[in-house]
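Please open the model in your viewer and keep the selection panel at hand.

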Amino acid sequence: MRRAYSVETVRNAERELMARLPEGALMARAAAGLAATCADVLRDQLGRVYGARVVLLVGSGDNGGDALYAGARLARRAAKVSAVLLAPDRTHAGGLAALLGAGGRIVDDPFDVLAAADLVMDGITGIGGHGGLRPDAVPVVRAARGSGAVVVAVDLPSGVEADTGAVAGEAVRADATVTFGTYKPGLLIDPAHEHAGAVRLVDIGLGPYLPSVPDLEVLQHEDVARLLPMPTGESDKYRRGVIGVVAGSARYPGAAVLAVAGALRGGAGAVRYVGPGADAVIARFPETLVHEGPPSKAGRVQAWAIGPGLGEGPEVGEGHGVAEVLASDVPVLVDADGLRLLDTATVRSRTAPTLLTPHAGEAAALLGVPRRQVESARLAAVRKLAARYGATVLLKGSTTLIASPDASAPVRVNATGTPWLATAGSGDILTGLAGSLLASGLSPLDAASVAAYLHGLAARLASRGAPVSALDVAERLPEAWRNVRD
């Protein structure tokens, strides 16, 4: 599992570690890892480090120092290293001396060297930076990006917010980021995540000084495999869980089919469908147990998933079922049109768990803010929603975030998403899948996390870089499951 910690936590851990090390040892560790990664990049690009043209963009403080010391190591390997000092009066003195002593040079005009560079190292601002790049750095960063050189960010791309993933102004877009000690939230959450490129973590010895509970965590194959509900010799369809799905309408009958598709491939033993799409569901999935409704008359379930395709017009009326399933004593997932029909007090008063799965627009409506505010501050939005409703919230998007109502618990980030999931009906598949995992007995946090992981992985398997439909994704869910388990 990957873990990310806030700037304050990282700073505290660094102070504790530095108190036990000789002066400069921690920066030396960081610079060694940074230089090794840059050497690997140069070998991949050019087949050599010797003679490679490296340009350092150096800001003030330790981030610039890391770049200078790493540049010195590359210069000692016969790379041609030039430094552009963006804060000459506040440049790290020890790092600058090391670079000059190794044969590196300072340049006054950055644009000529950037035009010819093979690799540009972004050491302008570190994890303490806020508010985007300063105006004087913008033309230099643009020249670096336009040069065709590989851009490697030091710890974090300059201009992005380390704690939130927000990008308040112009920022570096790196091809790779070398981060030290632990991941920072901004490396995992969009929009900053898109600026980071491929992220490599360099161990500098912070582990023993970091808290056991991170701010963010990212599940990996082995974590998901551990959580997957697997049948045993004593299992039958009821012991494996029965998921009730309330979805679809005259206007959106396909939502019923898609939600049931996800539910059938989610591990539960049986799916009960309630709604007007029974004929379409049975035609596609004859194993489904169908009922016209209301949900309370459909039979016993271990969880409900409601919302996809319920519609918005007067035909929804009082028969939408949201209030009825929320009154049940089993876990409930609410998605899509069901989110519009939520009552905050009702959700908060539930004794059984609730999982909400909005996209950015739906989250904005629930919070009463513009959509762009959610998209620019996704971590804050998912935490606010979880606190407001006393529910687990899966916020869909370019990076999917899952927050529990326990404010002390880490927010989970899904790493398997792909832009090919931006297709009609994709969210309906996820609803059924996550609801099925709820019915199988997983907690809302684990059900949402596993569902997002499998959903993204199935989309990757289905697309192979080409367009896919929502049902294409659903059909690859068993393969994604096997991929993780095996």
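Select arginine 464, which is exposed, with a relative accessible area of 62% (exposed means over 50% relative accessible area, buried under 20%, partly exposed in between, with a 1.4 Å probe and protein chains only). Arginine 464 sits in the loop between helix H18 (444-463) and helix H19 (470-475); helices (H or I, at least four residues) and strands (E, at least two) are DSSP runs, numbered from the N terminus. Phi of arginine 464 is near 50 degrees, a positive value in a residue other than glycine.

The model is predicted, with local features requiring pLDDT of at least 70 and side-chain atom pairs pLDDT 80 or more, while totals for chains, interfaces and linings use all residues. Residues are numbered from 1 along each chain as its sequence is written, and side-chain values use heavy atoms, leaving out hydrogens and water.

Next, select aspartate 155, in the loop between strand S6 (150-154) and S7. Its phi is near 75 degrees, again a positive value in a residue other than glycine, but aspartate 155 is buried, with a relative accessible area of 9%.

Move on to the loop between strand S7 (176-180) and helix H7 (192-196), which contains proline 191. A cis peptide bond links aspartate 190 to proline 191, with omega about 10 degrees.

Finally, display strand S13 (residues 303-306): Ala303 and Ala305 point one way, Trp304 and Ile306 the other, and all are buried. S13 pairs in the parallel sense with strand S10 (residues 242-246) over 4 bridges, where pairing requires at least two DSSP bridges between two strands. Tryptophan 304 in S13 is the bridge partner of glycine 244. S13 also pairs in the parallel sense with strand S14 (residues 332-334), over 3 bridges; there, valine 334 is the bridge partner of isoleucine 306.
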